[in-house]
Amino acid sequence: MDNITKRQQRILLVFLETKQFLTSQKLSALIHLSTKTVRNEIKALNQVIEEFAFIQSQPAQGYHLIIKDEKKLEYFKRTFNGEWDAFIPSTPLERAYYILGLMLKEKDFIKIDDISEMLFIDRTSVSRSLKYIRECLERFGLQIIQKTGKGLKIVGNEFHYRQCMSEYLYHKPETLLTEIGKNDDFINKLKEVIYEDGISMPERVFHNFIIHIQVQMNRILDQCFIEFTSQEQKQIENEYEYLVAKDVARVIHHYFHIEFSREEIDYLTIHILGKKSNSTSAIESCINNQLKKEIDDIVLQMLNRIDDVFNIDFKDDMYLRKAIGIHINPMENRLKFNTYLRNPLIYAIKEKYTYAYLMSLEAWKVIGNYTDYINIEDEIGYIAIHFQYAIERKKRTHLKKRVLLVNDFSVATSELLSFSILRKYKDKLVIENTISVSEIKSYDLSKYDFLITTVPIYQELQIPIIKINPIISNKNLDLLKRQLDNHNQNLLIDYIKKDDIVDIDGDSSEQILERIYQRESISYDDFYHLSPLNGFELSNQIAIHYVKANKDKSSLSIYSLPKQVIWKNKFVKIVLLLKIGNDSERMLDSLSTFLSKSKNIDILIQESCLDAMYNYIQEMSSYHS
């Protein structure tokens with residue numbers, strides 16, 4: 001047990017979670033190591049677990065775990081389950097987080113040599129980690145100072161220091177529950193007091209609140225106190241939540257004998273202000289009432305921006321307007337005091353509700369003066385949920401496909417054709433207009449789902465084309481049914497050209513994005529294109545960025561990196577650049593469908609041959625068509 005590293009532990013857990021064979025390439029992608037390192041680590045791991053298990057290599061299939069003694073395995077697992085801090089971090093990102101945690105906990109200076117000895121790495125590796133640590137600290141307005149003979153120390157505003165501690169010490173999956181969180185009597189009493197004071201907090205928000213209280217108590221015990229100006233105090237103490245914070249402080253004093261000063265109660269107030277919950281019933285009760293004009297104006301600006309970029313109009317969706325407006329109210333307090341409401345579903349929202357998340361990114365630009373806010377993405381994720389709900393409602397009310405009929409025969413033929421189609425499929429489509437083939441060039445096709453034609457059309461259009469006979473047959477009707485059924489299965493290959501799958505290299509996300517924008521000949525705003533407002537990372541080594549493509553057909557480019565690069569908090573191997581046109585919803589549907597299958601993601605990440613990557617996407621499209 002004492003000899004197992006965190007890297008080896010991760011490999012073992014992967015095998016314990018699956019009964020399948022795993023190739024070294026698959027393991028490499030899962031745990032972000034080279035295949036050679038994977039093989040070496042498996043060899044070393046087998047020596048550690050030889051008493052109860054063995055990882056065997058099977059030609060042409062890969063590795064799989066053979067368990068020799070279940071009882072010894074269970075005992076071994078219990079010795080390290082939850083005790084993640086006992087393991088030495090092995091990847092650059094893990095080392096950076098580990099060192100940051102050490103420095104945040106340390107009141108005094110800490111030497112690089114001491115860190116090197118603790119992690120069994122050289123000074124150069126520590127220095128590399130410090131580069132990433134400085135970037136993390138910069139988000140919180142903190143910095144590292146260095147003194148000869150003393151070492152390194154994090155310095156900065158106490159408020160931001162606490163925010164940073166909350167993020168990096170207690171919000172990691174490997175971190176144990178906070179000490180005060182283990183005290184059931186305290187937790188129950190605190191929930192009771194907050195509820196009686198009329199404050200509603202969902203469980204995940206309450207857990208976040210507990211983390212901030214834990215950090216606050218730790219800092220008070222370390223004689224590190226918060227400070228506010230008299231004007232800030234007056235502003236905070238005018239809020240009802242200040243009275244709630246005084247009740248919370250009394251509960252903390254009763255259980256832990258820590259006295260909260262006036263400033264520390266103000267600090268509690270800020271976190272309560274930002275963590276109040278808005279329920280569905282609150283939104284519904286507000287539907288017939290008016291939002292404050294200044295709030296409604298902000299919401300309308302958001303919706304106008306979305307209409308301009310994504311060509312989707314939500315302005316008449318009063319439920320959405322009120323929902324976002326009500327969300328903005330406590331969010332304003334979080335922005336004002338630079339606190340944040342952590343979003344535990346952020347990566348799931350990005351991956352499952354990509355279209356809604358992109359809309360939220362664009363909407364946030366209306367309040368773009370908050371781009372320095374600590375956790376923009378968490379707030380954007382919550383807004384995305386409201387947009388996703390609006391999208392689903394819109395789909396329910398627009399189930400019928402909008403069709404344009406092209407016919408160069410007589411008017412009577414067009415009427416008979418329309419009647420025959422609608423008699424069969426009136427619940428699935430509506431024929432909104434009939435035109436001749438010569439009118440297509442000057443016709444706005446953006447509002448139609450597809451085009452049915454009785455004559456050949458040789459030009460490339462932005463919507464699908466279905467060719468039928470002027471006198472429609474059963475065969476034509478069957479073809480139409482298949483097209484209608486397949487219309488929802490948007491295919492990724494429709495939005496990718498072979499030349500738009502490209503190898504690109506760079507040492508940082510900024511450098512890679514700069515090169516992508518240069519290749520695409522995209523003019524951009526220096527402020528926005530490198531900010532979180534034009535892109536995001538997923539949890540599967542993929543980053544997504546987007547630009548507006550006016551009214552042109554949507555498309556995307558795939559950029560493959562030769563090595564993983566730390567984007568923000570995740571490693572990235574593939575960058576997808578989305579060019580948002582007037583059919584962006586279909587493109588995003590096709591992308592979400594493609595990325596929902598782990599095999600497809602594996603191909604993108606592991607395939608080094610660009611032609612093979614394109615052929616695979618094409619093959620998958622043929623399979624579904």
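Modeller: Met-302, Arg-305, Ile-306, Val-309 and Phe-310 in α15 meet Tyr-355, Leu-358, Met-359, Glu-362 and Ala-363 in α18, where contact means heavy atoms within 4.5 Å. By type, the residues of this contact of α15 with α18 are eight nonpolar, no polar and two charged. Here Ala, Val, Leu, Ile, Met, Phe, Trp, Tyr, Cys and Pro count as nonpolar, Asp, Glu, Lys and Arg as charged, and the others, Gly among them, as polar.

A word on the background: this is a predicted model, in which local features need pLDDT of at least 70 and side-chain atom pairs count only at pLDDT 80 or more, while totals for chains, interfaces and linings use all residues. Residues are numbered from 1 along each chain as its sequence is written, and side-chain values use heavy atoms, with hydrogens and water left out. Helices (H or I, at least four residues) and strands (E, at least two) are DSSP runs, numbered from the N terminus.

Now for the geometry. α15 and helix α18 (residues 354-364) pack at an angle of about 120°, and their axes are 9 Å apart. Axes are lines fitted to C-alpha atoms, for helices over the stretch in contact, and angles run from 0 to 180 degrees between N-to-C directions. The two helices, α15 and α18, are therefore oblique to each other; angles under 35 degrees count as roughly parallel, over 145 as roughly antiparallel, 65 to 115 as roughly perpendicular and the rest as oblique. The crossing in which α15 passes α18 is right-handed, a term used if the near helix is turned clockwise from the far one by less than a right angle.

Asn-311 has a positive phi of about 60° although it is not a glycine. Why does that deserve a second look? Because most residues other than glycine have a negative phi. Asn-311 is partly exposed, with a relative accessible area of 33%; buried means under 20% relative accessible area, exposed over 50%, and partly exposed in between (1.4 Å probe, protein chains only).

Ala-60 is exposed, with a relative accessible area of 90%.
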